[in-house]
Amino acid sequence: MQAAQLDKYDKQFKLVVRDIPTPTPSANEVLVKVRYAAVNPLEMLIGTGSVKLIQDYQMPVTMGNEISGEVMGVGVNVDDYQVGDAVYARLPLPQQGGFAEYVAVDQAALAPMPTTLDFAHAAAVPLTGLTAYQGLHEELGAKSGQSVMIPGGSGSFGQMAIPLAKQMGLEVSVSGNAGAREGVMDLGATNYFDYRQENYWEKLAPVDYVIDTIGPKEFAHELQVLKPGGRVLSLRMGPNRQFAKDHQLSWWKTALFTLAGRNFDKQAASVGADYRFIFVRSDGEQLREITQVVEENQIEPAIDPTVFHLTDINQALDLVAKGRPKGKVLIQFDK
């Protein structure tokens, strides 16, 4: 089979498409024929070596973290899936491999695809959906009656996070562009701020939580709207000491992340708040819950119209890294 592989970490990395053996599923694995693989900023972090302290790979490694596809074979311990099932997954970080014609996936990472989506749109759900789910439930520990603000939440992350938060009984506020207002409010947001016309930090009543999708330039504004004892969860700013402790990293990695996140921790502490960073993991059971939310809310994630095949993988990576994609960038495989 053909696969796109990384041969070494490099700031200007390129993937190489080559023939490698088709994997044989182990006892707990499912062999999936990949129909679509999503290309994410995570690929840039992995390829450049930016996250090798969190996850290092033996080279060459087949890249790709998010897929939809069809079951072609199952291990002897697999009971929940059979040949022909439509499935999707955020692949386990240590065993990524979605940029390939076939991938063997631990059954614990898989879930049946939403019945309301085709293979292309389904491939755009797992990473974003699990980030929203784990962020709200685990990193924030949000409870019914509390409130959350999502700056820049009018895109694909908000599309998943808003209905999940509403399902949990949270009041949701979002900032974004004017054109996204109606869609965001339809998903269940209570407040919407057009960032070109108004500053949410000047108008929003204090909230329990902020989910940051923008990065360091927005951090001061996010801290302004937090209640005392509140928490900022960032998808962009980077790990800190708490992240290292939660992931039970070695003492020297903990020391490095403590240093790297010290400024964020200090700024948050100055207003009586807490800073967290998320690096999402695979989880098939959570993905099943996300599937229900997608189906019940008729969520259809945005996908970029550009058609890429595996031989175009480096152009697809360039679009994610340097372009302005109009949704999730996908690699299409033959049926």
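This is a predicted model: local features need pLDDT of at least 70, side-chain atom pairs count only at pLDDT 80 or more; totals for chains, interfaces and linings use all residues.
**Note on the salt bridges of this model**

1. Arg 231 counts as buried, at 19% relative accessibility, since the cut-off for that class is under 20%.

2. Arg 231 meets Asp 274 in a salt bridge, with an N to O distance of 2.8 Å. This pair links distant parts of the chain: Arg 231 belongs to strand β13 (residues 226–234) and Asp 274 to strand β14 (residues 274–277), 43 residues apart. Asp 274, for its part, is partly exposed, with a relative accessible area of 25%.

3. A salt bridge also forms between Asp 283 and Arg 281, whose closest N and O atoms are 3.8 Å apart. Here Asp 283 counts as buried at 18% relative accessibility, whereas Arg 281 is partly exposed at 38%. Turning to shared partners, salt bridges join Glu 139, Arg 231, Asp 246, Asp 274 and Arg 276 into one network.

4. In another part of the chain, the side chains of Arg 18 and Asp 7 form a salt bridge at 3.0 Å, N to O. Arg 18 lies in strand β2 (residues 16–19) and Asp 7 in the loop between β1 (2–6) and β2, so the pair ties together parts that are 11 residues apart in sequence. Both residues are partly exposed: Arg 18 has a relative accessible area of 28%, and Asp 7 one of 35%.

5. For the structure as a whole, the search finds 13 salt bridges. The pairs discussed above include Arg 18 with Asp 7, Asp 274 with Arg 231 and Asp 283 with Arg 281.

Notes. Residues are numbered from 1 along each chain as its sequence is written. Side-chain values use heavy atoms; hydrogens and water are left out. A salt bridge is a side-chain nitrogen of Lys or Arg within 4 Å of a carboxyl oxygen of Asp or Glu. Helices (H or I, at least four residues) and strands (E, at least two) are DSSP runs, numbered from the N terminus. Buried means under 20% relative accessible area, exposed over 50%, partly exposed in between (1.4 Å probe, protein chains only).
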